[in-house]
Amino acid sequence: MATALKNIIVVGGSYVGKATAQELAKIIPSTHRILLIEPHSHFHHLFAFPRFAIVPGQEHKAFIPYTNLFTSLLPSPTSTPTPHSVIQARVLSVHPHHILLDREWHNSTQIPFEYLVVATGTRLSEPAGMRDNEKASSVAYLREHQNDVKKAKSILIAGGGAVGVQMATDLKEYYPDKEITVVQSRPLLMPQYHEGLHNLIMERFSELGIKFITGSRIQVPPEGFPASTPFTVNLTNGTSLPGKYDFVILATGQTPNTDLLTSLPASPESGSLLNPSNGFINIRPTLQFQDAQYPHLFAVGDIADTGLRKAARPGAVQAGVVARNINALIRGGEAVEEFPRQPAGIHLTLGLKYNVVFRNPDVEAGQTEPTVIKRDDGREDMGVEGWWERMGVKINGPQQYHL
């Protein structure tokens, strides 16, 4: 009589959740299966959203089917079918040994697990993140945003992080006659990095003619900005920008996706599963929950309070650590591998072709200056077919991007 497979659940199918599920599938024994739970119908290639919200004709490429996520790991098409699954659903709550979904899977909304990995990341404002779960409506939103941008003459971008910087440079390069202004609450753009990155971006802003306002935030009206244009924008420092703007792009902040943990009790010793100062999940260096009563629960990527810059590259490294620690526990060992702490780095587009790889100096290694690699090899679609292939979808013709 066949023995029922034990579940390892990964909640969240973005970059780090996807990587965690795939790393686990490569090494866990046949007694277990991976269930990747994600409300989106398709993988969202977030890095492309800022570009595809401006430049038309590429938007459908940013949403990639999950269909071959696990089958792509099989050695050949004739291999035994994979037991692993991607479930399109939202996890309403996590309990010590089961989760509750917002819809039924195999005639139940409750799924038991032996191990669980939270990879829910953060919520982002549109267009950096999509509100809808289906591809068709998300593609429609990006096309609508493109049309709004095209009609606008003067555009204000709220936020000087990566999304705001990338959209500003893309906009000014694609529409050189439009007035583009970036409003940033802090003195420097992208202040999590060495100030050399701010200086580099400001050189690019100057070259393109992008305006920059620092030291304040915009006030978003409760009812949103008016449909009639142009309109005045008020700032939190009490000043107002003249009534010439006809479109505002919100590129501000990240909110931790931790609602699913509200039903999970914390032990009296830990006090809280979350860091009260930032809302991220308290973890051990092994990426297990810090709360000692949950050694079988892990957090990875942006949702984990690692102290590192929130980015996909360190998250992908953490995915491997989580997979190996869970595999060790399954096989009767201990979770001992710790996630590495590396200087913050980013691959940042500063226009349709110009881009830069920037890494903070590794102080422990004696570095005092950042690493800067400038490139002029960017493509309009940002080389998106590479991500389709990582998801197991080989592109043989443009029609496949509409899957």
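Analyst: This is a predicted model, and the description below starts with the sheet.

Three strands make up an open sheet, in the order β6-β7-β8, and their pairing is antiparallel. The edges are taken by β6 (91-95) and β8, each of which has a single partner strand, so one side of each is left without a neighbour in the sheet. On average, neighbouring strands of this sheet are turned by 30° against each other, with direction ignored. The antiparallel pairing of β7 with β8 runs over 4 bridges. In one of the pairs, Leu100 has Gln110 in β8 as its bridge partner.

The loop between β7 (98-105) and β8 (108-112) holds His106, and Asn107 lies in that loop as well. His106 is not a glycine, yet its phi is positive, at about 55°. Asn107 is likewise a residue other than glycine with a positive phi, in this case near 65°.

The peptide bond that joins Glu126 and Pro127 is cis, with omega at about 10°. Pro127 sits in the loop between β10 (122-123) and α3 (135-151).

The remaining feature is a helix pair. Two packed helices are described by the angle between their axes and the distance between the axes. For helix α4 (residues 162-174) and helix α5 (residues 195-208), the angle is about 25° and the axes are 10 Å apart. Angles under 35 degrees count as roughly parallel, so α4 is roughly parallel to α5. Their crossing is left-handed. On the α4 side, the contact is made by Val165, Ala168, Thr169, Lys172 and Glu173, which meet Ile201, Arg204, Phe205 and Leu208 of α5. By class, the residues of this contact are 5 nonpolar, 1 polar and 3 charged.

Definitions and conventions. Residues numbered from 1 in each chain as written. Predicted model: local features only at pLDDT ≥ 70, side-chain atom pairs only at ≥ 80, totals over all residues. Heavy atoms only, no water. Helix = DSSP H or I, 4+ residues; strand = E, 2+ residues; numbered from the N terminus. Axes fitted to C-alpha atoms, helices over the stretch in contact; angles between N-to-C directions. Parallel < 35°, antiparallel > 145°, perpendicular 65-115°, else oblique. Left-handed = near helix turned anticlockwise from the far one by under 90°. Contact = heavy atoms within 4.5 Å. Nonpolar A, V, L, I, M, F, W, Y, C, P; charged D, E, K, R; others polar. Pairing = 2+ DSSP bridges.
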